[in-house]
Amino acid sequence: MNLLLAAPLDDAQIREVQSSYPEFTGAVPPEAKFWSEADLHLFCGSGGQLRPREGVSAGSRCGGDERFASCALLTRLRQRLAEARVDEAPAEYRSVCRHLRQRASDLTCLPGVAECAQVERHRVVPRGVLRSPLLVERVRMWVGRRWNSAFWRREFGAVSWKCRTRAPHFESDAALAGSLQEVCEAGEYVDYMRVLQHEDPRCDEENGLAFPRVIFNDWPIFYLGAAQLFEGSWRDLPPPGLIDHTLRWLKRWSGMCSDMPHLEQFARLHRITLAAPGAFTRLHRENFGAHAWFTQIEGSRLFFLFPPQGRHLYEESGRGLDPETVHDYAEKASPVDVFFPSQKRHPLFREAKAKVALLNPGECLVVPSGWWHASVALESSVTLHRVFWNVANRGGIVDALRDIVSCEHQSGDLHERLNRCLDDFYDVVMDDNDPEDSE
């Protein structure tokens with residue numbers, strides 16, 4: 001089946017989109033059930049003025065072709081590419097386009113590896129040590145179900161973050177052709193998502209420069225401005241059954257160091273990713289030995305995952321360079337093109353064994369410590385992402401806190417005091433041997 005072709009919208013979906021635009025009081029036409037969800041958002045958000053293929057303004061031209069619509073962010077991205085004299089889309093995105101085109105009948109297929117199996121599905125996270133990725137189905141009334149792109153645009157659209165061609169950021173990115181990095185408001189990115197969903201939903205390779213892909217990755221909005229929203233919902237965010245000591249240990253850290261309140265640090269670990277269709281994350285693993293979970297809120301996102309042994313992935317190491325986006329970088333990344341690997345540069349990749357998960361709204365992907373993952377949004381996508389630690393990977397939480405202390409350029413005396421506290425905190429964490437006592 002072609003996962004890029006949306007099924008007709010049902011009445012419940014139409015009502016849910018309408019509820020995101022309380023200012024829209026008009027009627028939705030009967031043919032709206034045959035629109036995409038992005039088209040319906042466009043119609044309701046414009047007060048009923050913009051319909052499919054009429055929607056976004058055609059104020060920006062590309063190569064003299066007026067059919068290429070634009071928005072503020074897209075215009076800036078095109079200007080950056082023109083100034084840098086970039087004449088083709090990044091290789092990774094061209095590979096995504098080819099995968100979506102050539103394997104449209106089964107996008108979960110990965111011919112370049114020895115094996116590619118579906119991630120196992122569960123109703124709750126099984127007890128015991130996490131050893132392999134798993135997918136957990138959520139109940140329909142999950143607290144975050146309304147945190148779609150329209151919500152973030154309406155409630156926190158003026159809050160800024162960095163969007164990038166390649167995410168998470170890696171040390172060598174600046175030297176790669178076509179690498180874009182642009183600070184934008186969340187509302188600008190949502191407009192950009194809608195333009196791309198409307199104008200280039202199939203990710204045509206020939207449109208790679210007209211519609212360059214960037215991703216609004218790991219936006220720490222609960223730390224930057226949505227603290228009240230977080231305080232009222234954090235207990236209901238993790239998948240059921242998860243053993244997670246992160247908050248427990250942050251409370252103990254806060255007791256040792258009042259300069260870093262536990263709930264504030266906990267909030268910054270919860271990240272929202274907004275992704276236009278075709279936007280991707282590179283093949284990488286989580287920093288500081290963290291486990292991670294990803295809950296899909298809107299759209300579909302395809303994940304490919306690989307076990308911790310990195311021999312087949314040609315692991316590269318990097319470090320964080322941007323203190324303003326602490327944690328929004330990868331310490332370990334792979335240069336392998338998972339969709340069309342080079343047999344000359346990466347011959348061992350053909351021996352790799354992969355897992356694949358197609359994440360739909362309401363589903364949660366849990367990724368154990370050390371596992372590699374890459375993803376691509378199949379349509380306009382919103383994902384909630386959090387890293388976490390328990391007894392199996394506990395040392396990493398100390399390293400994560402030390403990274404925050406280092407990146408935020410604390411004053412000399414405070415920096416030294418925090419590092420002394422971290423040495424003591426390490427002993428506290430390592431002496432905590434109750435595997436079942438999860439917050």
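Helix H2 is followed by Gly 47, whose phi is positive, near 70°; helices (H or I, at least four residues) and strands (E, at least two) are DSSP runs, numbered from the N terminus. The model is predicted, so to speak of local features a pLDDT of at least 70 is needed, side-chain atom pairs count only at pLDDT 80 or more, and totals for chains, interfaces and linings use all residues. Residues are numbered from 1 along each chain as its sequence is written, and side-chain values use heavy atoms, with hydrogens and water left out.

Helix H2 itself (residues 37-45) is mostly covered, with 7 of its 9 residues buried. Here, buried means under 20% relative accessible area, exposed means over 50%, and partly exposed lies in between (1.4 Å probe, protein chains only). The buried residues of H2 are Ala 38, Asp 39, Leu 40, His 41, Leu 42, Phe 43 and Cys 44. Their cover includes helix H1 (11-19), helix H5 (149-156), H6 and strand S9 (291-298), where contact means heavy atoms within 4.5 Å.

Stepping back to the whole protein, there are 12 helices and 16 strands. Buried residues make up 55% of the 439 residues. The accessible surface comes to about 18900 Å², of which 48% belongs to carbon and sulfur atoms; such areas come from the Shrake-Rupley method with a 1.4 Å probe, and for residues only the protein chains shown count as cover. Among contacts between residues at least 6 apart in sequence, 81% join residues at least 24 apart.

What lies inside comes next. In soluble globular proteins, nonpolar side chains tend to be buried together. A nonpolar core is a set of buried Ala, Val, Leu, Ile, Met, Phe, Trp, Tyr and Cys residues joined through side-chain atoms within 4.5 Å. The largest one has 89 residues, and those with the most contacts inside it are Trp 152, Tyr 189, Tyr 192, Phe 222, Ile 272 and Val 366. Helix H6 (residues 186-199) gives the largest share of this core, 7 residues. A second, separate core of 28 residues includes Tyr 93, Val 96, Phe 306 and Leu 313. Val 366 touches residues from several stretches of the sequence, among them Val 125, Leu 130, Pro 239, Ala 292 and Phe 388, leaving aside residues up to four places away in sequence.

Val 124 lies in the loop between strand S2 (120-122) and strand S3 (134-137). Val 124 counts as partly exposed because its relative accessibility is 44%. With residues up to four places away in sequence set aside, Val 124 touches Val 136 and Pro 240.

Side chains of opposite charge can pair when their charged atoms come close. A search of the whole structure finds 19 salt bridges, each being a side-chain nitrogen of Lys or Arg within 4 Å of a carboxyl oxygen of Asp or Glu. In one of them, Arg 153 meets Asp 191, with the closest N and O atoms 2.8 Å apart. Arg 153 lies in helix H5 and Asp 191 in helix H6, so this pair ties together parts that are 38 residues apart in sequence. Arg 153 counts as partly exposed at 36% relative accessibility, and Asp 191 counts as partly exposed at 26%. Another salt bridge joins Asp 432 and Arg 248 (2.5 Å, N to O). This pair links distant parts of the chain, with Asp 432 in the segment after H12 and Arg 248 in helix H9, 184 residues apart. Asp 432 is buried, with a relative accessible area of 7%, and Arg 248 counts as buried at 4%. Salt bridges that share partners also join Arg 76, Arg 80, Glu 182 and Glu 188 into one network.

Helix H9 (residues 246-256) has other buried residues too, including Leu 247, Trp 249, Leu 250 and Trp 253. The buried residues of H9 pack against helix H10 (262-268), strand S16 (381-388), helix H11 (395-407) and helix H12 (412-430).

Finally, an open sheet of 7 strands has the order S1-S13-S10-S15-S8-S12-S11, with mixed pairing; two strands pair if DSSP finds at least two bridges between them. Strand S1 (115-118) and strand S11 (316-317) stand at the edges with a single partner strand each, so one side of each is left without a neighbour in the sheet. Strands S10 (residues 301-306) and S15 (residues 372-377) run antiparallel and are joined by 6 bridges. Within this pairing, Phe 304 stands opposite Ala 374 in S15.
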